[in-house]
Amino acid sequence: MELSGGELLMEALKEEEVELIFGYPGGAVLHIYDALYQQNSVKHILVRHEQSATHAADGYARATGKPGVVLVTSGPGATNAVTGIATAFMDSVPMVVISGQVQSRFIGSDAFQEVDCVGITRPCVKHNFLVDSLENMADTIKQAFHVATTGRPGPVVIDIPKDFTTPGVTVPFNYPKTVEMRSYSPPTQGHPGQIRKAVDLILSAKQPMIYSGGGVVLGNASEQLRAFTRELGYPITQTLMGLGAYPASDKQNIGMLGMHGTYEANMGMHECDVLIAIGARFDDRVTGEVASFCPNAKIVHVDIDPASISKNVTVDVPIVGDVGLVLDAMLEQIKATEKRADPADIANWWSKIKAWQANKCLDFELSDTLIKPQAVVEALWRVTKGEAYITSDVGQHQMWAAQYYGFDEPNRWINSGGLGTMGFGLPAALGVALGKPDDVVACITGEASIQMCIQELSTCLQYNTPIKIINLNNRYMGMVRQWQEFSYEKRYSHSYMDALPDFVKLAESYGHVGMNIENPADVEGALEEAFALKDRLVFMNFVTDQSENVYPMIEAGKGHHEMRLNPARELA
Amino acid sequence: MRHVISILMENESGALSRVAGLFSARGYNIESLTVAPTDDPTLSRMTIVTTGTDRVVEQIIKQLNKLVSVAKLTDLTEVPFIEREIMLVKVRAVDSGREEIKRLCDIFRGKILDVTDVSYVVELTGDDHKLRAFLDAVGVDNVIEVARSGATGIARGDKSLKV
């Protein structure tokens, strides 16, 4: 089969079983868009801004486990995509971004819409390619998908000069069945000796803590994590990125850890003697001050990326490997041995944890007049039975979503944890809704974040994605305001959202349903009403209490044991 | 501590900037960096001299290994190894100084490549210590210009860095 570059790309996407791509046309990709027009296997979603294309592909990938695919043009198309690429990179999301480039003979001449896409994206991709000939294009695409989806996943950019997609200039199409890259071989099985050492340590613990992260979700190892944790009977805390891998409703789960983690999880981290880190990367929002991190613990760390190990915190037993395979191997060894931690020690440990839990650190005061944002998230959980796919933007609402929407399944909680990209939520929800058309999708956001990519309301109408937008509108960039309250003597520098649009009218002008909710008594009913509109996007503007803060909080430079609790809970 | 890291990587455009970019993005030191194709033209060998604590150097090695273009690498400083660098140095050579420089060249096993009434160009090969010792011996006032290649290195014995 002889194909032009554009046709070849379409056939390659078909071979990779790509159903959806998110993109925006432009000069350098016109040939590709022409090839796209003339085929039926790949569906294209036309976003309104390239940043959204990457976020939508990201949401799609996180919800479905399949790589997200993006198509953008050269120059501004590529630079607009960078924020979404960096977002996917920080959260290790499999993504392939195809960018057009000026004709190869014009590269370096400052041609119209030319930008060094490979150079600009280099620090925020797992790998990138500049296609050097039509002959090599199929191999490059194959390699790009392989690199993006194996090992620790991540975004891969393929920059394609326009002349390699010219209609009529063809090569024989043979899509490679396998990939051989001598310089890339991601690890799989963990080292048996290390696994033995780890199991030995785990079974001799007196105050053990399992700390699991996004790697378990990405590695599709939720079942293994559950089996492992239940066999041991140890407490488990999950990172922001790991929520849902272990059910929130399970009694062994003691909540999220870190900057806005629960009192019991953070105290448990501080006092544990064996820490079992699984697919987590000791991010600074998790560790707090490293010098006082888990002062008494021996640490086991399972991760597929050797560079994650002992990067921020030195560990005692590192295991490099696929998290599911390593958990299987550890569980097998645990089951094969009689040795167990002393039940009296573990019971004692649990009673300590229960005492911390009695503090009820997530309790908050309800009000008759002001809507509490936490209460909205709790009501959302009830109305959706805890089964919705939830995307979020970045800020207070993100933390409340993580704290109050108990995720019992993985892949349901989709947020920008690493890069913290405001504007992520709506386009990500678009991607989720397209990838999971039969499921309920909600975007928890704030009036600041939502305005960063709000133009995607138009895309949502075009593709009929019935997302429910939960806008927790407190007229502040809430998290900025909170830090200013705590650390800058309430000098609220530019954190006030003035001149807000009428969100109801805005939603309506985009052809959607808008709702304004100001009374606490109306919250649950309004949610019921909105979610009953199964095939409509509903923009729910909740006017919330402006003074609410996210608690608990570990402030900069503090350790896990130095949390700032909700003043109303301090006395408990 | 000073480490000499040898890397085999795909000989493709942009490979050098991946390594250089990694060092600048993560704030690692580069004392010198040399790169050239090997006997296998699809592979380049790069030698990086860097300094850092054990923890930082461990991260440097892991991060380099993580680059998709890097096929293999070794920290030569962990084994007996040979380090060489070439230096071309233009020195003032007048009056009695001409004889003195010539003698120093012999002692350091350097070669004089170019001669004028007032200067020599000397070629010298060795490790960092030797090159600096020569410059010290010549004296800072007599050094007109220095061009150093940066270090390259290879392990002693039959161990080899190969794909």
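Modeller: We may begin with D110(A), which is found in the loop between strand 5 and helix 5 (117-121) of chain A. Please keep in mind that this is a predicted model.

Colleague: What makes the backbone of D110(A) worth a remark?

Modeller: Its phi is positive, about 55°, although D110(A) is not a glycine. Most residues other than glycine have a negative phi. K385(A) also has a positive phi of about 55° without being a glycine. K385(A) lies in the loop between helix 14 and strand 15 (389-392) of chain A, and with 9 other C-beta atoms within 10 Å it is exposed.

Colleague: What makes the peptide bond from Y551(A) to P552(A) cis?

Modeller: The omega of that bond is near -10°, and the bond is cis. Most peptide bonds are trans. P552(A) is found in the segment after strand 20 (538-543) of chain A.

Colleague: Why is W356(A) called partly exposed?

Modeller: The term applies between the two limits, buried being 20 or more and exposed 12 or fewer. W356(A) has 17 other C-beta atoms within 10 Å, so it is partly exposed. This residue is found in helix 13 (residues 343-357) of chain A. Leaving aside residues up to four places away in sequence, W356(A) touches Y263(A), E264(A) and M267(A). The C-alpha atoms of W356(A) and M267(A) are separated by 7.6 Å, although the two residues are 89 apart along the chain.

Colleague: How do you know that the buried residues of helix 2 of chain A line one face of the helix?

Modeller: In helix 2 (residues 30-37) of chain A, the buried residues are H31(A), I32(A), A35(A) and L36(A). Seen down the axis of helix 2 of chain A, these buried residues fall within an arc of 145°, so they line one face. An α-helix has 3.6 residues a turn, so residues three or four places apart point the same way. The buried residues of helix 2 of chain A pack against several elements of chain A, including strand 1 (2-4), helix 1 (5-15) and strand 3 (43-46).

Colleague: Why are helix 14 and helix 20 of chain A called oblique to each other?

Modeller: The axes of helix 14 (residues 373-383) and helix 20 (residues 523-532) of chain A cross at roughly 45° and come within 9 Å. Angles under 35 degrees count as roughly parallel, and 65 to 115 as roughly perpendicular. The two helices are therefore oblique. Helix 14 of chain A passes helix 20 of chain A in a right-handed crossing. Among the residues making the contact are A379(A) and L380(A) of helix 14 of chain A, and L527(A) and F531(A) of helix 20 of chain A. By class, this contact has 8 nonpolar, no polar and 2 charged residues.

Colleague: What makes the contact of helix 1 with helix 6 of chain A include 1 polar residue?

Modeller: The contact is made by G5(A), L8(A), L9(A) and A12(A) of helix 1 of chain A and M137(A), A138(A) and I141(A) of helix 6 of chain A. Gly counts as polar. The contact accordingly divides into 6 nonpolar, 1 polar and no charged residues.

Note on methods
Residues are numbered from 1 along each chain as its sequence is written. Chains are lettered from A and ligands numbered from 1 in the order in which they are written. This is a predicted model: local features need pLDDT of at least 70, side-chain atom pairs count only at pLDDT 80 or more; totals for chains, interfaces and linings use all residues. Axes are lines fitted to C-alpha atoms, for helices over the stretch in contact, and angles run from 0 to 180 degrees between N-to-C directions. Helices (H or I, at least four residues) and strands (E, at least two) are DSSP runs, numbered from the N terminus. Angles under 35 degrees count as roughly parallel, over 145 as roughly antiparallel, 65 to 115 as roughly perpendicular and the rest as oblique. A crossing is left-handed if the near helix is turned anticlockwise from the far one by less than a right angle, and right-handed if clockwise. Two residues are in contact if their C-beta atoms, placed from the backbone, lie within 7 Å. The arc is that of the directions from the helix axis to the C-beta atoms.
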